[in-house]
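Please work through each task with the structure open before reading its solution.

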Amino acid sequence: MTKTGLVVMPLAVLTIVSALIMLVVIASDRIAFVSTGALFIAAALIYAATLVLLGLKGFANIDEFEHVARRDRLSNLPNRRALHADIEQLSEGDEEVAMALIDLDAFKQVNDHYGHAVGDQLIKKCADLLLETCGEEARCYRLGGDEFAAVMGGQTAGTILEGMCRSLLEKLASPIDIGTRQITVGASIGLARSTARHRLGSSEMLRRSDVAMYMSKRGGKMRCTWFNETFDQRREAVRELEDDLRAGLAKDEFEIAYQPLVHAANGSIVAVEALLRWNRSDGHKIGPNVFIPVAEESGVINPIGVWVLRKAVCDALRWGGITLSVNISAAQLRNPEFPIKLGEILEETGFPPHQLELEVTETCLVLDPVVAERTLDVIRGFGVRISLDDFGTGYASIGFLRQFRFEKLKLDRTLVVQAGEDDGSRAMMLSSIAVARALNMDVTAEGVETNEQADMVRLAGADQIQGWLYYKAMPAEEIDILLKKQTADSDAAAVTSHKGQAA
């Protein structure tokens, strides 16, 4: 209802009621009046005074209603409605209008771990940080959930607003005190601008800044990104890829290749790592580095991950005591259904849990350590081993390794390669293996491609070696052949040894 409607409606009702009362009084012959004219004058004065009071009260209530309707109750910042109105107002001039959309990273996990009361306090603290950063130069808003916005106008609005956003990211890099807790929550920011030559509506500015914010998240979070026309094309391509992923799973387009890991001392195959491949029906092969991030973002990784686990353990059942390694993503660790599905697969297939090794990366764990640790504890309860993959590319500390109690450490290929090139990297590799030994972890060296690298990691104390020097990834049928030959060679060696001892 409009302002006018909110005032006119009660006035109309008052008029009708007053008129009815007057008619009733005049028509009644039981009441004697001193003067009918005086009565009408008194009634008119009362009616006029009532109109004035009602009008003043009505417009005051409407102004208060408008204020409440344009403000977020939790943060006390203006809301989405106010944002649209302010952008339209600023756009009436000839100066640039710039907008920043600020989305907190991992806020859902804060609510999940600590409860909504803590989440609400965090929202208030972030609102205060935004206000402190923008000062009087930019207007701040909360759009809902963990989304904030800032808008400003001026000749250099975009440049100034971007500087403010970078300052905000620096502040959010430090933990925020919430009671006795210190919570670190970053942000991804998208920026868009509207100029007099190319004026945009508020809805389009919000859409563009949202697209740019999404690109900040995909680019690694904790960054600012300006909207670019090519983003729309890229986003459409990502949507198409999401649809193709779902269709590919339904059409059985995915395959698993297995790369053997060998014993460092004798070169025998002791484990295989399952690697997902997507061979589309149109003949195009898309690498995991392209489709896995899209699958994680869209949630398609969950059904794909379950398919990989089931298929891999079914293949590995025929390989005897060989360990099976399967990579799992951060999205799978955050999914409360994942441990349940894993347990069901182990029970249905009868695969020995101690021969299954799930590989996780440091990124999976630091994004959501509480949920990750809880999920890994459930998985270990089945008897499944946990391996930290790509070690040497992040910032994992000894405390980090002790917290998650991995059964194996996999040295990343880059660390192995660099260790063969300079003394500093070699010292880092040796210290990593020493730490793993102290924490009772096995060690695998990945990406070994030369005999020199193999000798180096072997002497450094690695238990297993993985790389093209020994084997590339191959179909399950080729693993069958390799293991049969290995068994035959082992049996022949045992017979020869037995004959030698008998002689």
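A pocket, on a 1 Å grid over the protein atoms alone, is an open set of points with protein on both sides within 12 Å along at least five of seven lines, whereas a cavity is a set of points where a 1.4 Å probe fits but cannot get out; lining residues have an atom within 4 Å of a point. Grid points are joined across faces, edges and corners, and a volume is the space filled by probe spheres set on the points.

The model is predicted, with local features needing pLDDT of at least 70 and side-chain atom pairs pLDDT 80 or more, while totals for chains, interfaces and linings use all residues. Residues are numbered from 1 along each chain as its sequence is written, and side-chain values use heavy atoms, leaving out hydrogens and water.

**Exercise 1.** Describe the second largest pocket by its volume and its lining.

*Solution.* The volume of this pocket is about 310 Å³. Next, 21 residues line the second largest pocket, and Glu255, Ile256, Ala257, Arg277 and Asn279 are the closest to its centre. Strand β8 supplies the largest share of this lining, five residues, where strands (E, at least two residues) and helices (H or I, at least four) are DSSP runs numbered from the N terminus. Sorted by class, the lining has 12 nonpolar, two polar and seven charged residues; Ala, Val, Leu, Ile, Met, Phe, Trp, Tyr, Cys and Pro count as nonpolar, Asp, Glu, Lys and Arg as charged, and the others, Gly among them, as polar.

**Exercise 2.** Work out which residues line the largest cavity.

*Solution.* The structure holds one cavity of 30 Å³ or more, and the volume of the largest cavity is about 40 Å³. Its lining consists of Ile102, Leu130, Thr133, Cys134, Ala150, Leu161, Met164, Cys165 and Leu168. Helix α6 gives the largest share, four residues, and the lining divides into eight nonpolar, one polar and no charged residues.

**Exercise 3.** Determine how helix α8 is oriented against helix α9.

*Solution.* The axes, which are lines fitted to C-alpha atoms over the stretch in contact, with angles from 0 to 180 degrees between N-to-C directions, come within 10 Å for α8 (residues 229–250) and α9 (residues 288–298) and cross at roughly 90 degrees. Therefore α8 is roughly perpendicular to α9, the class for angles of 65 to 115 degrees. In the contact (heavy atoms within 4.5 Å), α8 contributes Val238, Leu241, Glu242, Leu245 and Arg246, and α9 contributes Val290, Phe291, Val294, Ala295 and Ser298.

Terms used: Parallel < 35°, antiparallel > 145°, perpendicular 65-115°, else oblique.
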